Amino acid sequence: MMNYYRCTKSKADENSDCPKGKLFSEKEIEGIIFRAVMQMLAICQEQKKQKSSLMLTRKERIAACVAELQKLEQQQERYRQEKFRAYEDYSGGTLAKDAYLRQRADIDSKLAAAKAEQEAQEQLLSELEHLAFQDKAQEDDVFTSFAGATELTAELAQTFIKEVLVSSPTEIEIAWKFRDVFDMQGHDN
């Protein structure tokens with residue numbers, strides 16, 4: 001049994017763009033919609049590949065951030081040792097009190113600056129790791145689950161399509177449930 005669709009809006013709305021009295025084959029419409037969904041999925045997969053190159057950059061930034069944190073920790077340890085040596089020199093009588101207090105204040109300010117830089121690097125690392133986690137989670141997203149589809153199913157249509165407007169067998173407008181990747185492609189060029 002072949003199903004046909006007729007625009008019900010054309011009877012109720014005289015100013016409708018829908019063709020009046022025209023029947024559209026369900027199979028024909030499904031084929032057009034399925035090809036559009038598959039094109040949309042292909043574009044999304046290509047965008048995902050482009051994003052993976054950004055992911056490599058993010059991994060490099062994470063590695064650099066970790067290296068910087070290690071360097072800052074070593075620097076702070078050197079400052080603590082320097083401060084301890086200054087105290088030993090003072091307590092041993094080889095360093096005057098005024099000189100010791102100046103050295104201690106100088107070292108304390110260096111320690112505070114290194115600690116502030118360390119906190120900033122830790123915040124950056126946290127943000128980079130969070131973004132990397134989000135990107136990884138998106139790799140397993142809904143687009144991937146439908147990438148191998150061979151026909152239009154109700155689940156596929158309900159996942160991506162808000163509504164379908166048919167003007168003629170060759171003029172079908174699909175309203176997506178998300179930003180239209182076809183429009184985004186036009187803006188990229």
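Guide: What follows goes from the overall fold to the core, the aromatic rings and the charged pairs. Keep in mind that this is a predicted model.

Visitor: How many helices and strands does the chain have, and in what pattern do they follow along the sequence?

Guide: The secondary structure amounts to six helices and four strands. From one end of the sequence to the other, the pattern is β-α-β-α-α-α-α-β-β-α.

Visitor: What share of the residues counts as buried?

Guide: The chain has 189 residues, and 26% of them count as buried. Its accessible surface is about 13300 Å², with 51% of that belonging to carbon and sulfur atoms.

Visitor: What share of the contacts comes from residues 24 or more positions apart?

Guide: Among contacts with a separation of 6 or more, residues 24 or more positions apart account for 60%.

Visitor: How do I read a nonpolar core, and which residues have the most contacts inside the largest one?

Guide: The general idea is to look for buried nonpolar residues joined through their side chains. Here the largest nonpolar core has 18 residues, and Val37, Phe160 and Trp176 have the most contacts inside it. At least two residues each come from helix 2 (26-91), helix 5 (154-160), strand 3 (161-168) and strand 4 (171-176). Helix 2 gives the largest share of this core, with nine residues.

Visitor: Which residues does Val37 contact, leaving aside its neighbours within four places in sequence?

Guide: Val37 is in contact with Leu156, Phe160, Ile161 and Trp176, once neighbours within four places in sequence are left aside. There is also a second, separate core of five residues, among them Ile62, Cys65, Leu125 and Leu128.

Visitor: What does Val164 touch beyond residues up to four places away in sequence?

Guide: Val164 touches Ile33, Ile172 and Glu173 when those neighbours are not counted. Ile33 and Val164 are 131 residues apart along the chain, yet their C-alpha atoms are separated by 8.4 Å.

Visitor: Next, the aromatic rings. How many aromatic pairs does a search of the whole structure find?

Guide: The search finds two aromatic pairs. One of them joins Tyr90 and Tyr100, at 4.7 Å centre to centre with 10° between the planes, and this pair is stacked. Tyr90 belongs to helix 2 and Tyr100 to helix 3 (residues 97-139), so the pair ties together parts that are 10 residues apart in sequence.

Visitor: Last, the charged residues. What is a salt bridge about, and how many are there?

Guide: In general, side chains of opposite charge can pair when their charged atoms come close. In this structure the count comes to five salt bridges.

Visitor: Which residue forms a salt bridge with Lys110?

Guide: Asp106 does, the closest N and O atoms being 3.5 Å apart. Lys110 and Asp106 both lie in helix 3, four residues apart, about one turn of the helix. Lys110 is partly exposed, with a relative accessible area of 31%, and Asp106 is partly exposed at 38%.

Visitor: Which residues do salt bridges with shared partners join into one network?

Guide: Glu73, Glu77 and Arg80 are joined into one network in this way.

Technical notes: Residues numbered from 1 in each chain as written. Predicted model: local features only at pLDDT ≥ 70, side-chain atom pairs only at ≥ 80, totals over all residues. Heavy atoms only, no water. Core = buried A, V, L, I, M, F, W, Y, C linked by side-chain atoms within 4.5 Å. Buried < 20%, exposed > 50% of the residue type's maximum accessible area, 1.4 Å probe, protein only. Contact = heavy atoms within 4.5 Å. Phe/Tyr/Trp six-rings, centres within 6.5 Å; stacked < 30°, edge-to-face > 60°. Salt bridge = Lys/Arg side-chain N within 4 Å of Asp/Glu carboxyl O. Areas by Shrake-Rupley, 256 points an atom, 1.4 Å probe, with all protein chains shown as cover.
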